[in-house]
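Subject: Structure for you to look at

Hello,

Here is the structure I said I would pass on. Please open it next to this email and follow along.

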Amino acid sequence: MDSIPPQELAAACNRAWEALVPARASYLSNVSPHYDEVFWEIAQRTERADSLGKSDIAALVVWKRLSAQTPWVSKLMSLPETQVRAVTARAVTAVRDTALSRSEAARAGRAIVWELPGFRTGDAMASAVLTAAAPKRMAVYDRRVQHALNTLGLTLTRAPGRYGRYMQLLGHLLNHRHQHTDDWTARDIDTALYWIGKTPQAVDH
């Protein structure tokens with residue numbers, strides 16, 4: 001989106017917000033308010049510990065409804081807890097670093113968690129970990145979010161560095177938000193995108 005002229009960028013963001021606002025409202029009215037309790041518990045533990053352990057990552061696997069039967073889970077669980085926490089502590093520091101832009105922090109954190117089994121391909125699990133580390137700054141990415149972005153005409157390719165570009169895109173949206181969305185975070189946008197991707201009929205083409 002950096003190559004889009006400012007006026008076209010503002011127009012694209014305005015069109016997206018027309019779908020995001022009702023989608024977020026629908027998400028809040030249809031999803032149990034208790035569903036994200038696991039996520040927020042992990043976020044609070046990460047706030048205190050400044051790292052995530054194997055049990056935290058395992059809980060996020062359940063929260064994201066991913067399979068725990070894959071080989072990477074066994075490889076991750078075979079690592080010493082101290083090694084996992086050493087890696088995630090560096091990632092936590094990166095995504096919380098306000099000297100970096102949101103997208104730069106996302107790229108840095110994503111590059112660090114790449115060192116762990118299960119985090120080398122795809123961004124769903126990595127984004128969950130990084131968002132738990134900085135819930136007011138980062139956001140979750142998954143296939144439903146990608147589908148929503150495609151539906152809204154917001155380009156996000158599979159090229160390397162996707163998570164950083166995703167956070168840059170959400171940054172553009174936050175910079176062009178409407179007055180009634182002043183309190184929205186990147187995480188609020190990702191839940192709206194999730195809902196659009198889950199129920200594409202919610203967007204009127």
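Which helix supplies the largest share of the lining of the largest pocket? That is α10, with six residues. Two notes before the rest. This is a predicted model, in which local features need pLDDT of at least 70 and side-chain atom pairs count only at pLDDT 80 or more, while totals for chains, interfaces and linings use all residues. Residues are numbered from 1 along each chain as its sequence is written, and side-chain values use heavy atoms, with hydrogens and water left out.

Pockets

A pocket is found on a 1 Å grid over the protein atoms alone: it is an open set of points where a 1.4 Å probe fits, with protein on both sides within 12 Å along at least five of seven lines, and lining residues have an atom within 4 Å of a point. Grid points are joined across faces, edges and corners, and the volume is the space filled by probe spheres set on the points. Helices are DSSP runs (H or I, at least four residues), numbered from the N terminus.

The largest pocket holds about 420 Å³ of space. It has 20 lining residues, and K64, R65, D142, R144 and Y194 are the closest to its centre. Both α8 (143-151) and α10 (186-198) give at least two residues to this lining. By type, the lining has 10 nonpolar residues, one polar and nine charged. Here Ala, Val, Leu, Ile, Met, Phe, Trp, Tyr, Cys and Pro count as nonpolar, Asp, Glu, Lys and Arg as charged, and the others, Gly among them, as polar.

The second largest pocket has a volume of about 240 Å³. Of its 15 lining residues, R24, Y27, L28, D36 and W40 lie nearest the centre. Two or more residues of this lining come from each of α1 (6-30) and α10. Seven of the lining residues are nonpolar, three polar and five charged.

Core

A nonpolar core is a set of buried Ala, Val, Leu, Ile, Met, Phe, Trp, Tyr and Cys residues joined through side-chain atoms within 4.5 Å. Buried means under 20% relative accessible area, exposed over 50%, and partly exposed in between (1.4 Å probe, protein chains only).

The largest core has 64 residues, and L20, Y166, L170, L173 and L193 touch the most other members. Helix α1 gives the largest share of this core, eight residues. Apart from neighbours within four places in sequence, L20 is in contact (heavy atoms within 4.5 Å) with L152, L173, W184, I189, A192, L193 and I196.

Salt bridges

There are 13 salt bridges in the whole structure, each being a side-chain nitrogen of Lys or Arg within 4 Å of a carboxyl oxygen of Asp or Glu. In one of them, E41 pairs with R45, with the closest N and O atoms 3.0 Å apart. Because E41 and R45 are four residues apart in helix α2 (residues 37-49), about one helical turn separates them. E41 is partly exposed at 43%, and R45 is partly exposed at 28%. E41 and R45 also belong to a network of salt bridges that links them with D56, E81 and R85.

Another salt bridge joins R90 and E115 (2.7 Å, N to O). R90 is in helix α5 and E115 in the loop between α6 (102-113) and α7 (124-133), so this pair ties together parts that are 25 residues apart in sequence. R90 is partly exposed at 39%, as is E115 at 35%.

Regards
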